[in-house]
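Open the model in your viewer and keep the selection tool at hand.

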Amino acid sequence: MARAEPQKLSFTVPIFEPHPPQYYIRAVSDSWLYAEAFYTISFQNLKLPEARTTHTELLDLKPLPVTSLANSTYESLYNFSHFNPIQTQIFHVLYYTDNNVLLGAPTGSRKTISAEFVMLHLFNTQPEMKVIYIAPLKAIVRERMHDWRKRCVSKLGKEMVEMTGDYTPDLMALLSADIIISTPEKWDGISRNWHSRSYVTKVGLMILDEIHLLGADRGSILEALRRL
């Protein structure tokens, strides 16, 4: 330790409700005489975060019929008559507004169909803009390509391209595509200098699948894409 050099100490202390008006913290060196510091920390204006994360309760709503799409072509995309409870509750926000949405729901709750609502909204309001769908694994990209090729491409007349480590479409394919399905790393690399690439500036909707990866090793890539 250099003489007269200030030292930085970090403390972790538990705080409980109801919290006290103040804490006293004393740091005493076990090697040097009179090397100590004493601080008073006031908690008068302290606001603790909620003990648990808030979430939207699933309401007991009457299932919404597929005819709520009010478009016979869109209705033909689905081989069932009514949407499930999650799709019913979130339908209006996705299909009729431009709001950003974070949808967290259990596996098997058909979140992809909810993503399709906002895609259809973009096709209704800004048909010249593109959809970029980011999936973390090539297997998910291929699955989405297979599903949407049978429905969105054939029934809606949309152009779709895949971007993974195994395949990169040419510039003309990107320019003509209505839907781009990509892995995060591939889109991150191809969207650099986005202001000079028209196929990026024409993206009107970004859908991030498996958003829980924000807290994993690849989360930084998803965070960078979110800020585009």
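Predicted model: local features only at pLDDT ≥ 70, side-chain atom pairs only at ≥ 80, totals over all residues.

Residues are numbered from 1 along each chain as its sequence is written, and side-chain values use heavy atoms, without hydrogens or water.

Select L69, Y78, M119, L120 and I179: these have the most contacts inside the largest nonpolar core, which has 33 residues. Such a core is a set of buried (under 20% relative accessible area, 1.4 Å probe, protein chains only) Ala, Val, Leu, Ile, Met, Phe, Trp, Tyr and Cys residues joined through side-chain atoms within 4.5 Å. Helix 3 gives the most to this core, with eight residues.

Stay on Y78. Beyond residues up to four places away in sequence, Y78 touches (heavy atoms within 4.5 Å) V66, L69, F83, I113, E116, F117, L120 and R151.

Next, pick I132, I134, L174 and I180, which are included in a second, separate core of twelve residues.

Go to S114 in helix 3 (residues 111–125); helices are DSSP runs of H or I, at least four residues, numbered from the N terminus. S114 is buried, at 2% relative accessible area. Neighbours within four places aside, its contacts are Q87, I90, L94 and L103.

Finally, select V13, in the segment before strand 1 (22–28); strands are DSSP E runs of at least two residues.

Technical notes: Buried < 20%, exposed > 50% of the residue type's maximum accessible area, 1.4 Å probe, protein only.
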